[in-house]
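Here's a quick tour of a model, with an eye on charged pairs and annotated spans. Take a look at the sequence and structure first.

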Amino acid sequence: MAPKKNTRDRVATPSSAAVPVQEAPAAPAVSSLPAKTTHKGGRANWDEVLLNIYQYYMKETPQRTKLIDVFLFFLIAVGGLQFVYCVLAGNYPFNAFLSGFCASVGQFVLTVSLRIQTTTANKSDFPSVSPERAFADFVVCSLILHFFCVNFIN
């Protein structure tokens, strides 16, 4: 099989030969980004970006919000472990798996809403909700969620 020809290797047809082709001016070779934060192709170092995000999070985030975030990661791990166990070992008591998985997902949703309501940047969105009231709502809704999950197990 013959190799494919590139467009610049093709013979110009009479219709395209009549149109003069203008050369584009060369782009300046100077880059606006510093040389030490870029790789080939202008990509930033991912480890530096992640380190900056981590340092900003540790410096600017209040301790209460960090605690909520740790609990969110715990809920993700619990839901993931339940799902992996269901896939590997089977789901014989399906109600038990469904109840436990829904409890972790529901608790995750309630915790995210608590985090949103207690973040200081969102005070303008929730002017009448104090952090204490948001936590009380979280506790009451968590009790209702777990009551239904325990009753669903049978």
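## Annotated spans

Residues 134-153 have end C-alpha atoms 29 Å apart, and the span is 100% helix and 0% strand. For residues 67-90, the ends sit 33 Å apart by C-alpha, with 96% helix and 0% strand. Helices (H or I, at least four residues) and strands (E, at least two) are DSSP runs, numbered from the N terminus.

Both spans carry the UniProt label "transmembrane region", from an unreviewed entry. UniProt positions follow the numbering used here, feature names are shortened, and annotations may be inferred rather than shown by experiment.

## Ground rules

This is a predicted model, so local features need pLDDT of at least 70 and side-chain atom pairs count only at pLDDT 80 or more, while totals for chains, interfaces and linings use all residues. Residues are numbered from 1 along each chain as its sequence is written, and side-chain values use heavy atoms, leaving out hydrogens and water.

## Salt bridges

Take a salt bridge as a side-chain nitrogen of Lys or Arg within 4 Å of a carboxyl oxygen of Asp or Glu. The count is then two.

One joins arginine 115 to aspartate 69, N to O at 2.4 Å. Since arginine 115 belongs to helix 4 (residues 94-118) and aspartate 69 to helix 3 (residues 63-89), the pair ties together parts 46 residues apart in sequence. Aspartate 69 is buried at 9% relative accessibility, and arginine 115 is partly exposed at 26% (buried is under 20% relative accessible area, exposed over 50%, partly exposed in between; 1.4 Å probe, protein chains only).

Arginine 133 also pairs with aspartate 137, closest N and O atoms 3.7 Å apart. Both lie in helix 5 (residues 131-153), four residues apart, about one turn of the helix. Arginine 133 is partly exposed at 45%, as is aspartate 137 at 32%.
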